[in-house]
Amino acid sequence: MPVPVDHYENFPVASWLLPRRMREPVEAVYRFARSADDIADEGDASPASRLQELARYRAELDRIERGEIPGDAIFGPLAAAIRAHALPLTPFRDLLSAFAQDVEKTRYANFGELMDYCRRSANPVGRLMLHLYGDRDPRHQAYSDAICSSLQLINFLQDVAVDHAKGRVYLPQDELAAHHVSEAQIAAGDAGGLWHMMMHRQIERARKLLQAGAPLGRALGGRIGLELRMTIRGGETILRKLHADPGRVFHARPVLGKKDWIVMLVRSVV
């Protein structure tokens with residue numbers, strides 16, 4: 001069954017490229033990540049309830065580590081994937097740490113704080129995918145980290161208005177202040193003043209990070225390499241759209257269209 005990855009943007013975007021043997025373990029990892037993210041982000045549960053449910057997820061990981069076999073729809077398949085592929089548990093725990101942080105922390109003082117969040121919210125996904133494919137190369141892991149962190153930053157830029165409506169700002173507070181961009185301006189959807197300059201700074205940094213990891217797309221062969229090249233092309237496409245109109249985040253969130261996907265596929269194959 002294809003993985004419905006459209007609902008979780010940090011996950012590989014082209015699940016139909018996955019070899020059939022990889023679909024079940026990838027789906028198991030996806031379900032864990034998606035459901036945990038939803039606990040932190042969706043619905044109207046109280047912060048205490050969200051944190052309590054995330055603690056239950058951590059306890060289930062502890063059970064898997066002890067060799068126990070959970071019976072529910074999320075942790076049963078996940079335990080099987082962890083056993084079959086000797087997946088490390090640290091990336092799963094890092095994801096839970098980031099999701100718990102989403103409940104408790106809504107502002108980031110500087111870019112360093114954002115990157116620490118990306119290290120736990122995005123990078124574990126790429127490392128797990130490499131592990132599933134049997135790739136343990138430290139250099140490849142570093143490339144993967146750069147790609148995943150960049151994609152997370154791009155998602156933040158896409159969702160400036162969406163996140164602010166949820167009470168969150170994933171833009172460095174010191175850089176907002178340096179460009180005289182206030183939260184009142186974000187709330188008003190106002191792209192005036194130094195908004196474009198501030199956004200171009202964020203866009204360029206995300207682009208450089210994506211380019212730093214791009215060699216991984218050619219280093220990996222087969223379907224995973226093609227999937228990764230498409231993922232990188234997708235990030236580049238969103239960045240171009242953001243650069244052309246940094247104010248569109250307030251009125252037309254940039255997304256990939258049908259034409260974009262065709263161009264991405266062609267450019268990823270050649």
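A: Let us start with the cysteines. The sulfur of C148 lies 9.9 Å from the closest cysteine sulfur, which is in C118, and this is too far for a bond. Some conventions are needed before we go on. The model is predicted, so local features need pLDDT of at least 70 and side-chain atom pairs count only at pLDDT 80 or more, while totals for chains, interfaces and linings use all residues. Residues are numbered from 1 along each chain as its sequence is written, and side-chain values use heavy atoms, with hydrogens and water left out.

Q: What is a disulfide, and how many are counted here?

A: In general, a disulfide is a covalent bond between the sulfur atoms of two cysteines. The criterion applied is a pair of cysteine sulfur atoms within 2.5 Å. By this rule the count is zero disulfides. C118 takes part in none, and the nearest cysteine sulfur to its own is that of C148, 9.9 Å away.

Q: Is C118 buried or exposed? And how does C148 count?

A: The classes rest on relative accessible area: buried is under 20%, exposed is over 50%, and partly exposed is in between, with a 1.4 Å probe and protein chains only. C118 is buried, because its relative accessible area is 0%. C148 also counts as buried, at 9% relative accessibility.

Q: How should I read the length of a helix, taking α4 as the case?

A: Helices are DSSP runs (H or I, at least four residues), numbered from the N terminus. The expected span is 1.5 Å times one less than the number of residues. Helix α4, residues 90-104, has 15 residues and reaches 21 Å from its first C-alpha to its last, close to the 21 Å expected.

Q: Which residues of α4 are buried, and what do they pack against?

A: As a general idea, an α-helix has 3.6 residues a turn, so residues three or four places apart point the same way. In α4 the buried residues are P91, F92, L95, L96, A98, F99, A100, Q101, D102 and V103. They pack against α1 (20-41), α2 (47-65), α3 (75-85), α5 (111-121) and α6 (123-132), where contact means heavy atoms within 4.5 Å.

Q: How many residues of α6 are buried, and what covers them?

A: Nine of the 10 residues of α6 are buried, and the helix is mostly covered. Among them are P124, V125, L128, M129 and L132. The cover includes α1, α3, α4, α5 and α7 (138-158). After α6 comes G134, with a positive phi near 75°.

Q: Where do residues other than glycine have a positive phi?

A: Two cases may be examined. A86 has a phi near 50° and is not a glycine; A86 sits in the loop between α3 and α4. With a relative accessible area of 53%, A86 is exposed. H180 has a phi near 55°, again positive in a residue other than glycine, and its place is the loop between α9 (173-178) and α10. H180 is exposed, with a relative accessible area of 65%.

Q: At what angle do the axes of α2 and α3 cross?

A: Axes are lines fitted to C-alpha atoms, for helices over the stretch in contact, and angles run from 0 to 180 degrees between N-to-C directions. The axes of α2 and α3 come within 11 Å and cross at roughly 40°. That makes α2 oblique to α3, since angles under 35 degrees count as roughly parallel, over 145 as roughly antiparallel, 65 to 115 as roughly perpendicular and the rest as oblique. The contact is made by Y57, E60, L61 and I64 of α2 with F75, L78, A79 and I82 of α3.

Q: What is the angle between α13 and α14?

A: Helix α13 (residues 222-244) and helix α14 (residues 258-269) pack at about 130°, with their axes 9 Å apart. α13 is therefore oblique to α14. Among the residues that meet are L226, M230 and T237 in α13 and W261, M264 and L265 in α14.

Note on methods:
Helices (H or I, at least four residues) and strands (E, at least two) are DSSP runs, numbered from the N terminus.
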